[in-house]
Amino acid sequence: MKKILLVEDDTSLRENIAELLELSGFSVYSASNGRIAVDMAKKNLPDLVLCDIMMPEMDGYGVLEQLSSDQNTRHIPFIFVSAKTEKQDVRKGMNLGADDYLTKPFEEEELLTAIRCRLEKAEQMNAMFKGHPKEVGGEQEIRSLNELKNFFDDHGNLFSFKKDETIYNKGEHSNMVYLILKGVVKSCGLDEEGKELITSIYSEDDFLGFTSLTDHLPYQEYTVAMEAVELAGISKEKVKAILEDNKSVSLELMDVIAENLTSIKKQLLQMAYSSVRKKTAQTLLVFSKAINKDKHGPLKIARSDLAGVAGIATESLIRTLSDFKNEGLIAIENRHIMVVDRDALERVH
């Protein structure tokens, strides 16, 4: 019989949910606040935690942080159940490492479906982490980077963001790694004067949100959707376990990270030493590669974003784009840029 820790400060609601779960075949431990819940989780090691957010003593975010930092409880599936319905609240919970988020009021079947889904996924993950080489949720053991990406697609939590929505902020906990399924994301920092500097551009099939896999370090930058974005996210603990058991996947991922670092170094050198023309040309090529699978398609990108990557003033960028248009290197229609001569842009100094 699966054990569920139910954390809810409303007595009536707690009793009703506990009764529903018991009638559905679960063994239930109940806690009225976060501090009691943490002690019960460490003592009883439940198969899943169902937790409210707004509670006395310690809120739900605190409970998740405490359990995530303990080696014995960090693997336990965690579902938030809360009346907090704002998207930033949901995002905060998921970034902390929650497996799911249900908003009150909810239907009984919705709750039971979420619980059974998370328990099933946990069993699949446990089977894989124990080194079973055969099927895990219908997939073979992960042996390559492509198989890891397929695992994100099949088993990750799905997130959607509109254009200009923030995906995560600097200083937030980095408990999740994402794979971009659709769209383009910019990673940004601010200089001393508050000016936005774009440090990286990520597009479909790129990983996002990698920080230390051993420590729960905060994000050092913020990321924003440059167009409609869809992500699949998996907790860093699960990613770490996969990499520990699969050396070939780890090596492939190291190559990707090393390539990203090399690109960032080139961008920094370009921003420091290249001419305005060279910076603009290289930035157009970067965006063309990231955004356009069709090399001749339009770049639907704000001039300020182009300037942010190039490290130049927007006015200087606009003047240079005008020169490139006159030289036949690019075309501009309805404020959208189309790269006409990639080879010529590569040769710009």
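The model is predicted: local features are reported only at pLDDT of at least 70, and side-chain atom pairs only at pLDDT 80 or more, whereas totals for chains, interfaces and linings use all residues. Residues are numbered from 1 along each chain as its sequence is written, and side-chain values use heavy atoms, with hydrogens and water left out. A search of the whole structure finds nine salt bridges, while the number of disulfides is zero.

**Confidence**

- The mean pLDDT (the predictor's confidence in each residue, from 0 to 100) is 84 for the protein, and 91% of its residues reach 70 or more.
- Confidence is highest in strand β1 (residues 3–7), at a mean of 96, and lowest in α4, at 73. Helices (H or I, at least four residues) and strands (E, at least two) are DSSP runs, numbered from the N terminus.
- Residues 131–140 have pLDDT below 50. Beyond near neighbours in sequence, this stretch has 12 contacts in the model, a contact being heavy atoms within 4.5 Å.

**Salt bridges**

- A salt bridge is counted when a side-chain nitrogen of Lys or Arg is within 4 Å of a carboxyl oxygen of Asp or Glu. One of them joins K42 and D70, at 3.9 Å from N to O.
- K42 belongs to helix α2 (residues 34–44) and D70 to the loop between α3 (60–68) and β4 (78–82), so this pair ties together parts 28 residues apart in sequence. K42 is partly exposed, at 38% relative accessibility; buried means under 20% relative accessible area, exposed over 50%, and partly exposed in between (1.4 Å probe, protein chains only).
- K104 and D52 form a salt bridge with an N to O distance of 3.5 Å. K104 is in the loop between β5 (100–103) and α5 (108–129), and D52 is in the loop between β3 (48–51) and α3, so the pair links parts 52 residues apart in sequence.
- D52 is buried, at 5% relative accessibility, whereas K104 is partly exposed, at 21%.
- The salt bridge between K238 and D99 has an N to O distance of 3.3 Å. K238 lies in helix α7 (residues 236–245) and D99 in the loop between α4 (87–95) and β5, so parts 139 residues apart in sequence are tied together.
- K238 is partly exposed, at 23% relative accessibility, and D99 is buried, at 11%.

**Cysteines**

- A disulfide is a covalent bond between the sulfur atoms of two cysteines. The cut-off applied here is a pair of cysteine sulfur atoms within 2.5 Å.
- The cysteine sulfur closest to that of C51 is in C117, at 19 Å, which is too far for a bond.
- C51 is buried, at 0% relative accessibility, while C117 is partly exposed, at 32%.

**Sheet**

- An open sheet of four strands has the order β6-β13-β8-β11, with antiparallel pairing. Two strands pair if DSSP finds at least two bridges between them.
- β6 (157–161) and β11 (207–208) are at the edges, each with a single partner strand, so one side of each has no neighbour in the sheet.
- Five bridges connect β6 with strand β13 (residues 229–235) in the antiparallel sense. The bridge partner of L158 in β13 is A232.

- S187 is found in strand β9 (residues 185–190) and is buried, at 3% relative accessible area.
- Leaving aside neighbours within four places in sequence, the contacts of S187 include L197, I198, Y202, E221 and T223.

- Buried residues of α9 include K279, L284, L285, F287 and I291.
- Seven of the eight residues of helix α10 (residues 303–310) are buried, so this helix is largely enclosed by the rest of the structure. Among the buried residues of α10 are R303, D305 and L306.
- G311 follows α10 and has a positive phi, near 75°.
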